[in-house]
Amino acid sequence: MAETCFGKELRKLQRGLKTRGRRWVYVPYDQVTDALGPLSRENPMNLGIVLVENPWKASLRPYHKQKLALILANLRHFGLEQARRGIAVLHVVTRGPYRTALEPLVKELGAIQVMEPAERELRIDLKPLVKEKAIEFIPHEGWLTNRDQFIFGVGESPPWRMDSFYRTMRRETGILMKGGKPEGGRVSFDQQNRLPWKGDPPAPSPPAFPRDPIKEEIGRLIEQVFSHHPGRFDLDHLPGTAPDAQKLWEWAKKNCLPLFGPYEDAMSTRSRGLFHTRLSALLNIHRLIPRNILTEAEKMKIPLASKEGFIRQVLGWREFVRHAHFATDGFRALPGGNPPVAGVPGDGGYRLWAGKPWPSLRGGQDPDGGAEPNFMDCKSPLPPAYWGEKSGLACLDRVVEDVWAEGYSHHITRLMVLANLGTLLDVRPREITDWFWIAYTDAYDWVVEPNVLAMGTFAVGELMTTKPYISGAAYINRMSDFCIDCRFDPKKNCPITHLYWAFLSRHEKLLNKNPRLAMPMRSLAKRGVELQRKDRVIFQTLQKLLAAGKDVRPEDMP
Ligand SMILES: Cc1cc2nc3c(=O)[nH]c(=O)nc-3n(C[C@H](O)[C@H](O)[C@H](O)COP(=O)(O)OP(=O)(O)OC[C@H]3O[C@@H](n4cnc5c(N)ncnc54)[C@H](O)[C@@H]3O)c2cc1C
Ligand code: SF4
């Protein structure tokens with residue numbers, strides 16, 4: 001096989017480099033940084049790193065092409081960046097669990113260290129080698145908080161609440177605190193951050209990043225080897241280098257952070273990201289370091305509601321979900337009894353949409369498919385609309401289009417359109433979780449599972465949230481412009497409103513003791529038998545039509 005441009009460049013940089021006598025560190029795909037761990041403090045001449053590319057991992061789920069490109073570009077560029085510092089770089093390709101690539105190397109290089117992986121899937125993969133002391137887990141220095149602080153903030157046993165955790169972390173870290181009190185007199189300014197966006201001030205366009213031979217080679221690889229993966233691949237918006245990551249952060253500071261707060265909950269057809277920073281994909285692979293981001297954000301001269309809103313996401317939500325995932329072993333160990341675990345990685349509804357199974361390189365050593373908690377006992381498949389078939393619901397179609405265009409949409413579209421609709425349709429929580437994992441460039445088990453299973457679909461009940469995040473058309477209409485061009489009318493015939501009432505009615509027994517739902521439950525009772533019957537029939541009809549991949553019209557509704 002012809003040598004790749006990346007291989008040639010790496011070989012050139014390492015010519016004459018001594019590899020013997022070095023201490024070796026394995027750098028997983030989501031730890032591409034030299035600002036943490038041994039790489040941040042030891043003499044590069046004494047260190048070597050192992051980088052593993054793995055088509056097997058890529059094939060386990062039908063991941064978005066842009067996600068594969070992001071991982072590959074950053075891994076390869078990181079290898080070259082480290083080789084330029086004098087670090088020895090061993091780049092290997094494997095087609096199986098990561099341990100199968102690392103095990104033979106240990107014989108050659110001696111025990112290999114790795115910062116404890118954030119992804120449970122990788123931790124489990126490496127566990128046999130850790131037991132044999134061939135691999136040593138060292139602390140992951142990218143996190144801002146530790147397990148003791150989590151327990152101190154929320155207690156050992158669930159339910160856990162982000163607000164308590166965040167309040168404690170503000171005190172513990174001193175971030176946005178003055179003389180032991182929160183700046184501005186309040187810990188959270190969330191109540192102020194609920195404006196819809198009408199087009200003014202203008203939302204920034206995300207930055208483009210320079211192409212280079214390494215990225216272009218990855219582009220060819222995606223076209224040749226991963227062309228069957230879904231999603232649009234866009235080389236010009238692929239941050240693959242350390243300077244690209246810095247460029248994104250500078251763009252976010254200048255264009256997003258000053259207005260982050262007020263429009264945090266807004267959604268629009270005119271801007272995919274509004275004033276959201278798009279940092280998550282790079283934070284999660286550590287191209288950007290959460291601690292540095294927070295320190296800089298705290299010093300910025302911007303309105304406090306925006307500053308606090310942003311800091312709450314990174315210091316609060318991001319850390320909180322990771323602790324909840326770790327403490328429940330990925331939702332496998334839950335207080336009310338352990339849920340079943342799927343045997344193999346799920347395809348997020350690919351099969352129903354594509355009419356054929358996802359061709360993975362599966363073997364006998366694959367990971368399991370993750371926990372399947374299902375508090376509401378939801379059993380429906382994810383409609384093909386999530387894979388790009390038109391549903392006729394403008395909000396859903398628009399957000400899905402955005403996701404397949406770039407592997408990203410912001411928080412409220414994830415929560416109040418995609419997860420909301422999935423929940424209202426009684427979609428299997430595991431299936432929609434797998435879809436998010438597949439479709440988003442920032443998704444890894446530790447972050448996608450809590451956000452979808454706990455927050456988006458209420459599949460673990462009140463473990464992390466007080467109630468399901470659901471809404472009818474009124475919320476979507478108030479916070480977005482999606483309804484303007486929809487064939488349904490949010491005030492007259494939008495099926496989502498009927499789905500909302502049908503959901504409350506169907507799950508009344510489970511939900512009517514929830515004090516946060518007392519008001520909607522009273523409204524449901526006032527709705528009367530005839531309207532409730534209509535809600536139910538619309539739910540059944542829409543569920544059937546969407547499962548069949550139909551483009552729904554008002555005249556299809558009873
Ligand atoms: C159903 C659902 C699925 C989600 N799946 C993921 C996922 O797979 N990966 C992921 O990183 N986030 C996920 N989130 C959280 C959040 O939506 C994204 O982190 C955010 O939209 C990323 O865009 P941004 O960088 O523009 O964020 P911004 O709005 O600019 O926020 C700044 C940063 O805060 C962090 N953050 C904010 N909220 C959360 C949260 N709830 N959990 C973790 N970090 C958070 C992110 O690192 C983000 O980059 C999900 C949320 C929901 C409701
Ligand atoms: S009318 Fe209903 S389906 Fe159409 S965009 Fe609005 S909320 Fe969505």
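Modeller: One term to begin with: a pocket here is an open set of grid points with protein on both sides within 12 Å along at least five of seven lines. Keep in mind too that this is a predicted model.

Biologist: Fine. How much space lies in the second largest pocket?

Modeller: The second largest pocket holds about 790 Å³ of space.

Biologist: Which residues lie nearest its centre?

Modeller: Glu53, Leu72, Arg76, Leu221 and Phe226 do, out of 34 lining residues.

Biologist: And which element gives the largest share of that lining?

Modeller: Helix 4, with six residues. Helix 4 covers 65–84, and other elements that give two or more residues to this lining include helix 1 (5–13), strand 2 (47–53) and helix 9 (213–225).

Biologist: How does the lining of that pocket divide by class?

Modeller: Into 20 nonpolar, five polar and nine charged residues.

Biologist: Which ligand takes up the space of the largest cavity?

Modeller: Ligand 2 does. The shell around ligand 2 again draws two or more residues from each of helix 15 and helix 19. Among the residues around ligand 2 are Cys395, Cys483, Cys486 and Cys494, along with Phe482, Phe488 and Pro490.

Biologist: What about the classes in that shell?

Modeller: The shell around ligand 2 has 12 nonpolar residues, no polar ones and no charged ones.

Biologist: And the second largest cavity, what is its volume?

Modeller: About 70 Å³. Residues lining the second largest cavity include Val25, Tyr26, Val27, Gln31, Thr33 and Met115. Strand 1 (23–26) and helix 2 (38–41) are the elements that give two or more residues to that lining. By class, the lining of the second largest cavity has seven nonpolar residues and three polar ones, and no charged residue.

Biologist: Now ligand 1. Which residues come nearest to it?

Modeller: His276, Thr277, Arg278, Tyr408 and His411, out of 26 residues around ligand 1.

Biologist: Which polar side-chain atoms lie 2.6 Å from an oxygen atom of ligand 1?

Modeller: One belongs to histidine 276, and another belongs to threonine 277. A polar side-chain atom of asparagine 451 lies 2.9 Å from a nitrogen atom of ligand 1.

Biologist: How much of ligand 1 does the protein bury?

Modeller: The protein buries 99% of the 810 Å² that ligand 1 exposes when taken alone.

Biologist: Which elements give two or more residues to its shell?

Modeller: Helix 11 (280–284), helix 13 (304–327), helix 16 (411–424) and helix 18 (445–456). Helix 13 has the largest share of the shell around ligand 1, six residues.

Biologist: And the classes around ligand 1?

Modeller: That shell has 14 nonpolar, eight polar and four charged residues. The shell around ligand 2, to recall, has no polar and no charged residues.

Notes
Residues are numbered from 1 along each chain as its sequence is written. Chains are lettered from A and ligands numbered from 1 in the order in which they are written. This is a predicted model: local features need pLDDT of at least 70, side-chain atom pairs count only at pLDDT 80 or more; totals for chains, interfaces and linings use all residues. Side-chain values use heavy atoms; hydrogens and water are left out. On a 1 Å grid over the protein atoms alone, a cavity is a set of points where a 1.4 Å probe fits but cannot get out, and a pocket is an open set with protein on both sides within 12 Å along at least five of seven lines; lining residues have an atom within 4 Å of a point. Grid points are joined across faces, edges and corners, and a volume is the space filled by probe spheres set on the points. Helices (H or I, at least four residues) and strands (E, at least two) are DSSP runs, numbered from the N terminus. Ala, Val, Leu, Ile, Met, Phe, Trp, Tyr, Cys and Pro count as nonpolar, Asp, Glu, Lys and Arg as charged, and the others, Gly among them, as polar. A residue is near a molecule or strand if one of its heavy atoms lies within 4 Å of it. A polar contact is a pair of N or O atoms within 3.5 Å; within protein, one must be able to donate a hydrogen and the other to accept it, and residues adjacent in sequence count only if both atoms are side-chain atoms. Accessible areas come from the Shrake-Rupley method with a 1.4 Å probe; for residues, only the protein chains shown count as cover. A molecule sits in a cavity or pocket if more than half of its atoms lie within 2 Å of its grid points.
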